[in-house]
Amino acid sequence: MASLPEGFFPRILFILQNYGQSFLSGIGNTMLIALVSTFVGCIIGFGVGIVDTIPTDRKENAAKYYLIGLVKVILRAYVEIFRGTPMMIQAAFIYYGVPYIFGINLGMMQAALLIVSINTGAYMAETVRGGILSIDPGQTEGAMAIGMTHFQTMINVILPQALRNIMPQIGNNLIINIKDTCVLTIIGVTELTYATRSVAGAYYTFFESFSIAMVLYFILTFVCSRILRFIEKKMDGPENYTLVVDESMGMANYKYGQHPHEPNPDFREYKRGEELDGVVRKGGR
């Protein structure tokens, strides 16, 4: 066993040289759990959000009204339970409780993905519900007026707009999941914090080892937040129209990328129609 050098930075280099692979393995598991669980949690959240906003009328269909009402109660209980209890307790309950109650043995990684996914789904459900409610109700009414079902309205009209509004919260959940995977040490998942504790115990270099872990967590969250910010800007898209003033029509919209003095095709058609009307009126006289 190699001797530990003196000094903070020499010890940091010593730990990285001898246990760098352990840190990399922990980073890999941390990011795998965070990314997969955030994705699955978003799917759960969108599903719960869509169901939670289904309109019901007892007079039209009593059976549907009570059935959807029961589903909403169950989903509301799920959201409140998983938002109202610590994820560390949930991890212990699910990992040790599922085999005891249902006889299903979960591997540590399987349990970790399940725990973080359903926890994220509970938070995303409220985020999605708020995003849906932030959209003008007139758009839902218009979609219903042309014969769309609630599901079609959500998928084609509401959710594409709500997604942009809730994108920052999706990114926030990813950042939280990267950090909160540390609670999975209670069930023995070898993520970054677990790897750090193992390295620190080898030479009792707790300060140095956790300093490395702190820097690694910051790099992971910073890089992810920059990527998500870039995606948000891409979702905004370019400026679609440049507003200019036309003497004959007051204000008119021109397509992005056109010359500002060249009318768009719709405006040219309008002007051509005016000219034809003038010719017809003159011929009538």
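Which residues do ring pairs link into a cluster? Ring pairs join Phe-8, Phe-9 and Phe-207 in this way, and the points below, which concern a predicted model, take up the aromatic pairs and then the helix contacts.

1. Aromatic pairs across the chain. The structure holds eight aromatic pairs, among them the one formed by Phe-8 and Phe-207, which is tilted, with 5.3 Å from centre to centre and 45° between the planes. This pair links distant parts of the chain, since Phe-8 belongs to helix α1 (residues 8-52) and Phe-207 to helix α8, 199 residues apart.

2. Accessibility of the two rings' residues. Phe-8 is partly exposed, having a relative accessible area of 31%, whereas Phe-207 is exposed, with a relative accessible area of 57%.

3. An edge-to-face pair. The ring centres of Tyr-65 and Tyr-66 lie 5.3 Å apart and the planes stand at 80°, so this pair is edge-to-face; the cut-off behind that term is an angle over 60 degrees. Tyr-65 is partly exposed, and its relative accessible area is 29%.

4. Helices α6 and α8. The axes of helix α6 (residues 150-180) and helix α8 (residues 206-236) come within 10 Å of each other and cross at roughly 170°. An angle over 145 degrees counts as roughly antiparallel, and α6 and α8 are therefore described as roughly antiparallel to each other.

5. Residues in the contact of α6 with α8. On the α6 side the contact includes Leu-163, Arg-164, Met-167, Pro-168 and Gly-171, together with Leu-174, Ile-175, Ile-178 and Lys-179. These meet residues of α8 including Tyr-217, Leu-220, Thr-221, Cys-224 and Ser-225, as well as Leu-228, Ile-231, Glu-232, Met-235 and Asp-236. Sorted by class, the contact of α6 with α8 has twelve nonpolar, three polar and four charged residues.

6. Helices α5 and α6. Helix α5 (residues 137-145) packs with α6 at an angle of about 145°, and their axes are 10 Å apart; the crossing in which α5 passes α6 is right-handed. From α5 the contact draws on Gln-139, Thr-140, Ala-143 and Met-144, and from α6 on His-150, Thr-153, Val-157, Ile-158 and Gln-161. By class, the residues of the contact of α5 with α6 divide into four nonpolar and five polar, with no charged residue.

7. Reading the two α6 contacts side by side. Charged residues number four in the contact of α6 with α8, while the contact of α5 with α6 has no charged residue.

Terms used:
Residues numbered from 1 in each chain as written. Predicted model: local features only at pLDDT ≥ 70, side-chain atom pairs only at ≥ 80, totals over all residues. Heavy atoms only, no water. Axes fitted to C-alpha atoms, helices over the stretch in contact; angles between N-to-C directions. Helix = DSSP H or I, 4+ residues; strand = E, 2+ residues; numbered from the N terminus. Parallel < 35°, antiparallel > 145°, perpendicular 65-115°, else oblique. Contact = heavy atoms within 4.5 Å. Nonpolar A, V, L, I, M, F, W, Y, C, P; charged D, E, K, R; others polar. Left-handed = near helix turned anticlockwise from the far one by under 90°. Phe/Tyr/Trp six-rings, centres within 6.5 Å; stacked < 30°, edge-to-face > 60°. Buried < 20%, exposed > 50% of the residue type's maximum accessible area, 1.4 Å probe, protein only.
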